[in-house]
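The sequence and structure come first.

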Amino acid sequence: MKILIIEDEASLGRDMVKYLTNEKFRCEWVSNYVAAMEKVGNYNYDCIVLDLMLPGGDGLEILDALKKLQKQDGVIIISAKNSIENKVAGLKLGADDYLSKPFHLAELSARIESIVRRKQFDSQNLIIQNELTIDLRSKTVEVNKNQVILTKKEFDLLLFFVGNKGRVLSKSAMAEHLSGDYSDMFDNHDFIYAHVKNLKKKLKDAGYGDYIKTMYGSGYKWQQ
Amino acid sequence: MTRLLNKPLKAFGFYALIILLTSIPVYVLVVDYIWLTELDESNWLTLQHTKEKLQSREFTEADILKINQIWGELQPGVSIVKSDHKIPEDSIYEAMRPNEFDPYDSEDRFRGLKSQLKINGYLYEITIETNVEESNETLLAVAIVTISFFIILILGFILLNRNISLKSWRPFYQTLNSLKSFDLSKDQHLKLPHSDIEEFKELNKSLLNLVEKNVAAYERQKSFTENASHELQTPIALLKSKLDLLLQERGLTPQINELLSGIHAPLSRLSRINKNLVVLAKVENNQIGEPEYLKVTDQINSSFALFEDYIIAKNHSIEQKFENILNVHANPFLLETLLTNFLSNAIRHTPNGGNIKVQLKNRTLIFSNSGRNELIHKHMFERFSPTSKNQITSGLGLAIIKEIANKYGWKVAYQFENGFHIFSIEF
């Protein structure tokens, strides 16, 4: 799958490419308006990560162009302009999601996963991981056809793990995923331990392999 | 407190009173003096006239007696009687005695002139008396007149004063009112009335100058906050993404991992301070979207849901009491920010296992949470002002609350009671 990253800050653009690139995703990165328009006009992407403040033009115009070209690319806006107006304008113009800077790369990855999944034509709203089946529409989880009852937060965390397979997730990123933008009002995110512990236990009890690894001192990792 | 214009009025009134009071005895003395001099002169003229007439003709002793008798009947003030001893010269005297024509007045004052003359070789004493107003009666009359005039004077002063105050001082009071209602965070220009009076013109000019400088300084401060916070967003975003990438590196020792996760807390604090500065700049610059009608309780419930994990982790007990439904007209983002700030403050600062109460009564929302020591009231709603010694905060939460409340004209207050920090907001 192809992802286009439109971000003027070179260092951040490269970080995103590095983090997101894996066996599933191929990333391209452009840093200005003209180059972005060219890419958008000539190719199709599964997801476009769009920074609104670009040298040479407004990111919202790219969104507008996409709409005029009747492209189906998923778009996630990332902006330092942490404002509701931008968010509303972007979503109105057809963006699928909005993430304000600064964000955790894990969060971006999970959001892209979610957008890509929604855009897939053959979408059954099912994620199948070995013996695990996640039904996104009914928000249910089955292991070997046995239903596992998860709390809303455990379900969210499970999706977060699945969207960041093979990557180390910090407690801070997980707390931000659960409590949103306001999680940085708190210094202590120890409650994550409890949620992960419960999630692990429930999945294990249902017969799922122990894929969630505790990375001592840094967080957790979904490893298959 | 005295109004500026009442001060001279009091002084003028007091001065007029003193002058008029001292004028009363002076008038009395002057009037009395004039009275007496005139009467003495009149008596003397009558005396001269009478003497001349008496001496110009030959009157017998019996004639004189007759004349005196007629005088006594017709003009009681004059008399002529035989005298047996010589007095050296004319003399003036005053006498008090009852006046037969004025029974209501106990005694009248008389001014007399006594003289002697020889008729037919006999020595006669001639007296001429005139009734004079007593000085105490003069005093009374003068006092009444003076006090009446004093009252008229004071009434005049008050009227004039009011008139002057209304007309000449109007620009001054208008200026004062404009200054009172001037709000640096809202107004860009101070509107002052035109005045013909030199001093007021100068005053207005200086004020405009001062305000202009303040507005400029305020604008600079605002744009600094805005620019600084926007400039900081990118480096913070970079730090966050680098840290995420670093975590993915293979071969990190537990010690390095420990260090890396130690960076998260200060980084989120930095990020929070910056987000708060962005919000403050937005509220200050009125870059806030349209207001909507919002249900306060809904927002509180969603904030609670958002922070549920933190509440459970700290084992706080929560008590909610909403007595009524309250709708406010505000921007959703600002209301959310305000309420999450109140709630997150309560959660963070309450010792583990403490109580948090949220009450809504009429238009007042109260957040109370258990605590040990009263917070430092002074400047508590100002930016980066320390409210207690041992807490790590962004230092902006309460400032944001205050700024948002000010924007919508809501009132925030803090008190410490029975071991509870009580923050209230009146919508």
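## A cis proline in chain A

Pro102(A) is found in the loop that lies between β7 (97-100) and α5 of chain A. The model is a predicted one, and in it the peptide bond that leads from Lys101(A) to Pro102(A) is cis, with omega near -5 degrees.

Asn144(A) is exposed, because 12 other C-beta atoms lie within 10 Å and the cut-off for an exposed residue is 12 or fewer.

In chain B, Asn315(B) also is not a glycine and has a positive phi, of about 60 degrees. Asn315(B) sits in the loop between α8 (308-313) and β6 (317-322) of chain B, and with 11 C-beta neighbours inside 10 Å it counts as exposed.

## Where the chains meet

The contact between the chains involves 36 residues of chain A and 37 residues of chain B. On the side of chain A that touches chain B, at least two residues each come from α1 (10-20), α4 (84-92), α5 (105-119), β12 (168-170) and α7 (171-179), and the largest share, 5 residues, is supplied by α1(A). Sorted by class, this side of chain A has 17 nonpolar, 10 polar and 9 charged residues.

## A crossing of helices in chain A

Helix α6 (residues 152-162) and helix α8 (residues 191-205) of chain A have axes that come within 10 Å and cross at roughly 80 degrees, which makes α6(A) roughly perpendicular to α8(A). From α6(A), the contact draws on Lys153(A), Glu154(A), Leu157(A) and Leu158(A), while α8(A) contributes His195(A), Val196(A), Asn198(A) and Leu199(A). These residues divide into 4 nonpolar, 2 polar and 2 charged.

## Chain B and its helix α5

Chain B has 10 helices and 11 strands, and 19% of its 427 residues are buried. Of the contacts in chain B with a separation of 6 or more, 66% join residues 24 or more positions apart.

Helix α5 of chain B (residues 198-248) has 51 residues, which at 1.5 Å a residue should span 75 Å, and the distance of 76 Å between its end C-alpha atoms agrees with this. At Gln233(B) the helix α5(B) bends by about 25 degrees, with a proline, Pro235(B), following within four residues. Gln233(B) is also one of the buried residues of α5(B), which include Phe200(B), Ser229(B), Ile236(B) and Leu247(B) as well.

Technical notes: Residues are numbered from 1 along each chain as its sequence is written. Chains are lettered from A and ligands numbered from 1 in the order in which they are written. This is a predicted model: local features need pLDDT of at least 70, side-chain atom pairs count only at pLDDT 80 or more; totals for chains, interfaces and linings use all residues. A residue is buried if 20 or more other C-beta atoms lie within 10 Å of its own, exposed if 12 or fewer, and partly exposed in between; C-beta atoms are placed from the backbone. Two residues are in contact if their C-beta atoms, placed from the backbone, lie within 7 Å. Ala, Val, Leu, Ile, Met, Phe, Trp, Tyr, Cys and Pro count as nonpolar, Asp, Glu, Lys and Arg as charged, and the others, Gly among them, as polar. The expected span of a helix is 1.5 Å times one less than its number of residues. The bend at a residue is the angle between axes fitted to the seven residues ending there and the seven starting there. Axes are lines fitted to C-alpha atoms, for helices over the stretch in contact, and angles run from 0 to 180 degrees between N-to-C directions. Angles under 35 degrees count as roughly parallel, over 145 as roughly antiparallel, 65 to 115 as roughly perpendicular and the rest as oblique.
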